Amino acid sequence: MTNSLHGQTALVTGSSSGIGAAVAQELGKRGANVVVNYRSDEDGARKVVGKILNYGSDTLALQGDVSNADDIQFLFSQTLKEFGKLDILVNNAGIQKDAPFRQMSLKEWEAVLAVNLTGQFLCAKQAVEIFCKQGVRENVSKAAGKIVCMSSVHEVIPWAGHVNYAAAKGGVQMFMKSLAQEVAHEKIRVNGIAPGAVATEINRDVWEDKDGRKKMLDLIPYGRIGDGEDVARAVAWLVSDDADYIVGTTLFVDGGMTLYPGFREGG
Ligand code: NAD
């Protein structure tokens, strides 16, 4: 069993709610020190911090907007100040601003790209710099550092009415792969996680609505909507040494959503 994260420090962006909160807690449960980044929901972040402390791990809530370079510089420098090192970055923060293409404004397009894609770039830049300086500490992990880019099934499934989101997630896929190729020789592992439908704030309007929920379930061969913990356990494994030979891959955590369920009958 090599998936303990004891002695490692993780930073999870956008972890005051939803998938990020579940990931931060799971990493804390497995022994990592965790920085809980939030944009505005300080109360949410404090709750996550409380849960991690109950697992006996060290943790800290830090405010910062992933699309703002100065915030991100501060976020990583505070992380180093507090914990002295960084081993894991989970690039999780994300937003949706949906609209039919003809109604979508430039503002909506730019806002989603800024958080969902540029935010990953800004955070990864800081993390790679730190990992390269630190190098491999063999008593901690086989890798010098691990980055997980939170993507979506929409890195491969086109999504009408959400062209900004799908374009950003498609971008995340090639960002992740290109970066993985570039820094693997530094012993940095970069991978992606692509969730399917997970019940969180980002899609509450759909799963809370009876009709919306049914339509969602029709797209999931495994027959249930995911929860944050489904994704969190996959992230925890991916950043552990059990996954040490996994580099530049997207792991789909989607109950089979990418299996084209519409083709199950006929086609
Ligand atoms: P969520 O809304 O609960 O979480 C998103 C988090 O990102 C929030 O905590 C929010 O405050 C934070 N955030 C937003 N803008 C930020 C910014 N500028 N700086 C810092 N933090 C910011 O929704 P979620 O479903 O937990 O989403 C988490 C990630 O998972 C996103 O990247 C999303 O695209 C992805 N995802 C979600 C689903 C799903 O079905 N829920 C499916 C595929 C992918």
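## Terms and model

Buried means under 20% relative accessible area, exposed means over 50%, and partly exposed lies in between (1.4 Å probe, protein chains only). By that scale, Arg-204 is partly exposed at 30% relative accessibility.

This is a predicted model, in which local features need pLDDT of at least 70 and side-chain atom pairs count only at pLDDT 80 or more, while totals for chains, interfaces and linings use all residues. Residues are numbered from 1 along each chain as its sequence is written, and side-chain values use heavy atoms, with hydrogens and water left out.

## Salt bridges

Let's turn to the charged pairs. Side chains of opposite charge can pair when their charged atoms come close. The count here is eleven salt bridges (a side-chain nitrogen of Lys or Arg within 4 Å of a carboxyl oxygen of Asp or Glu).

One of them joins Arg-204 to Glu-208, at 2.6 Å from N to O; Glu-208 is exposed, at 51%. Another pairs Asp-87 with Lys-85 at 4.0 Å. Here Asp-87 is buried at 4%, and Lys-85 is buried too, at 16%.

Glu-26 and Lys-29 also form a salt bridge, with their closest N and O atoms 4.0 Å apart. Glu-26 is buried at 8%, whereas Lys-29 is partly exposed at 48%. Together with Arg-30, Glu-26 and Lys-29 belong to a network of salt bridges.

## Asp-87 again

Asp-87, the salt-bridge partner of Lys-85, is also one of the residues that line the largest cavity, along with Gly-135, Arg-137, Val-140, Ser-141, Ala-143 and Ala-144 (lining residues have an atom within 4 Å of a point on a 1 Å grid over the protein atoms alone, and a cavity is a set of such points where a 1.4 Å probe fits but cannot get out).

Conventions: On a 1 Å grid over the protein atoms alone, a cavity is a set of points where a 1.4 Å probe fits but cannot get out, and a pocket is an open set with protein on both sides within 12 Å along at least five of seven lines; lining residues have an atom within 4 Å of a point.
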